[in-house]
Amino acid sequence: MTAITADGVSKRYGTVTALDHVSLSVEEGEIFGFLGPNGAGKSTFINVLLDFARPTDGSAELFGHDCQTEGVAARERVGVLPDGYSVFDRLTGRQHLEYAVRSKAADDDPAEILDRVGISEAADRPASDYSKGMKQRLILGMSLVGDPDLLLLDEPTTGLDPNGAAEIRSILREERDRGAAIFFSSHILEQVEAICDRVGILQNGELVAVDTIDGLRQSIGGGTKLLIDVDELDDATTEAVRSVDGVETATASDGTTLEVTCTNDAKMDVVVELQRRGADVMNFRTEEASLEEMFAAYTRGGRA
Amino acid sequence: MNWRVIARTDAALASAPRSTRLVLGLPAVTILVAAYLYPVFGSEPITTARFAGFVDGWLATVVPLTGVLLGHDAVVSERESGSLLLSLSLPHGRDDFVLGKVLSRVGLVSGVILAAMIVGAGLVVYPFGRLEAVRFCGFVATTVAFGAIWTNLGIAASLSTATKQRAFVVAFGLFFLLVLVWDGIADGLRYGLDRAGLVDGSLPDPVRFVVDLEPGAVFQRITAGFFDPSASVDGPWYLGEWVALAVFGLWLIGPIMVTYSRFAGSDLS
């Protein structure tokens, strides 16, 4: 069954368009990453799904229930980590989970879930004293209550260190393997890349791409960027590098630095080519194409 | 039954702070002090029914204060902080949420009034007073409803504002206008009309009807008309106790329904 169906969802605040005819669907058992820079409309879209915001146009469904007219039924099988939440002031972590268990009429053991998200030692402390990362873990724990068929997570790894983010990802994989669909938003490409089956890219309220990560990378070019400092650089060398198989672009900057975007496999070929032409490599760095670059590349490519 | 989870959680959270207990203690202390003093200062015969007429004026001031203080942060504090989003991302509707909040807060006020009234009845009856159970129960029920009206007004303020501070201003403004200065405005009106030679000592009945729409006046008219045998209401039918009862009902559900429907249709974030 389709977990999320959005059909031409638009949201305008006065003259500002936060969402512009967004249509997408997410199937059960897939991890869908919702990418976009801050302010692109990711949270607005999730808020429409949760009925925190009413769409100006279009409609959205969770498991066939309209998010606005049948909100309670729509959220029945869904676990949520919303944007802009705060924990209850005077409830402990354990009490938060008990509240979720009662609300969903589930029979989960709060202690087990606290352990799973890694905050069992803080179970009986007021959640308002938790760090941002611990709060994220707690709310993720609440979203897991009742084995939901869909997890809706708005920037779930905010406030977590890389290890914490990795733990969260492994929990999400477990949930996916159980059969749940996962829809999460992020502005950090690496997080999405590490786990998602498909991604959607939102920009200025418009869904500019929906594809697998590989598909996206292919459509925007290699994605890996090499920065190579050489002792001497001339146009002929740059031209030679550009003709190496797998190289998308090669440009000289600052006189002695060569910027190359290429596929992963072509990295060594580039260095070999430089040495063959007698250029001394002084320094060598790689950079992941940042999200902004991906956007730039994508939208340029898309509109050209 | 989702409202039950909300009500239960809210009642546990709302009753914990000392400030809430102080606020809830106000009507309890008032009722107990009145019940203690009434056999001493009241006129014979001392009965729980006539006690209603003794205490209702005090309650008309104290219960509204408790109601708005307890009600005004019910929704808006969660809305302002963002924990409202946690509750509403669970399978709770906004209707469940507001109903649960109303039941929790009204329940707290009602419980305190009920308990104080039972003890108070004991103070009135022992050793020389007489229990008039039916009239007294009616009065207790009316007081509980009066508490619910003002708690709902507080919650209505909570539903119609986006910050705790504004909710407090609106709720306390209602209390200030309807409880503290209303009578003064009415007196001023009467004095002015009297001086202008338009009326003869008292306000014309239709104007009195408007002035007495204030919940406290309605509460006291119901008490006088139905429960206190030493008092009665006079004037045309629309100043009678049955019309007062209908107005009472409107106060109970009107403000909360209007503000809820606006809340239900609004964007929360």
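Predicted model: local features only at pLDDT ≥ 70, side-chain atom pairs only at ≥ 80, totals over all residues.
Residues are numbered from 1 along each chain as its sequence is written, chains are lettered from A and ligands numbered from 1 in the order in which they are written, and side-chain values use heavy atoms, with hydrogens and water left out.

The partner of B:R190 is B:D187, with which it forms a salt bridge whose closest N and O atoms are 3.6 Å apart; a salt bridge is defined as a side-chain nitrogen of Lys or Arg within 4 Å of a carboxyl oxygen of Asp or Glu. B:D187 is likewise partly exposed, at a relative accessible area of 42%. Because B:R190 and B:D187 are three residues apart in helix α8 of chain B, about one helical turn separates them. Helices (DSSP runs of H or I, at least four residues) and strands (runs of E, at least two) are numbered from the N terminus. Helix α8 of chain B spans residues 164–195 and also contains B:F172, which is partly exposed at 30% relative accessibility. Together with B:F168, B:V169, B:F176 and B:L180, B:F172 makes up a nonpolar surface patch with about 450 Å² of accessible area. Such patches comprise residues with over 30% relative accessible area and no salt bridge, like charges being joined within 9 Å and nonpolar side chains (Val, Leu, Ile, Met, Phe, Trp, Tyr) within 5 Å.

Elsewhere in chain B, a network of salt bridges links B:D10, B:D73, B:E78, B:K101 and B:R105. B:T66, in helix α3 (residues 48–71) of chain B, is buried at 1% relative accessibility. When residues up to four places away in sequence are set aside, B:T66 is in contact (heavy atoms within 4.5 Å) with B:V23, B:L24, B:L26, B:P27 and B:V109.

Over all chains, the structure holds 23 salt bridges. In chain A, A:E175 and A:R116 pair through their side chains at 2.7 Å, N to O. Since A:E175 lies in helix α6 (residues 162–178) and A:R116 in helix α4 (residues 110–116), this pair ties together parts of chain A that are 59 residues apart in sequence. A:E175 is buried, at 2% relative accessibility, whereas A:R116 is partly exposed, at 33%. A further salt bridge joins A:R137 to A:E167, with 3.1 Å between the closest N and O atoms. This pair connects distant parts of the chain, A:R137 being in helix α5 (residues 132–144) of chain A and A:E167 in helix α6 of chain A, 30 residues apart. Here A:R137 is buried, with a relative accessible area of 12%, and A:E167 is partly exposed, with 36%.

Chain A comprises eleven helices and 14 strands, and 52% of its 304 residues count as buried. Helix α1 (residues 42–49) of chain A is largely enclosed by the rest of the structure, because eight of its eight residues are buried. These residues include A:K42, A:F45 and A:N47. After α1(A) comes A:D51, with a positive phi near 65°. Among contacts in chain A between residues at least 6 apart in sequence, 67% join residues at least 24 apart. Two domains are given for chain A, domain 1 (2–212) and domain 2 (224–288), with bounds taken from an automatic or database domain assignment. Their centres, taken over C-alpha atoms, are 42 Å apart. Along the principal axes, the C-alpha atoms of chain A fill a box of roughly 70 × 45 × 35 Å.

The side chains of B:D267 and A:K11 meet in a salt bridge at 2.5 Å, N to O.

Note on methods. Areas by Shrake-Rupley, 256 points an atom, 1.4 Å probe, with all protein chains shown as cover. Buried < 20%, exposed > 50% of the residue type's maximum accessible area, 1.4 Å probe, protein only.
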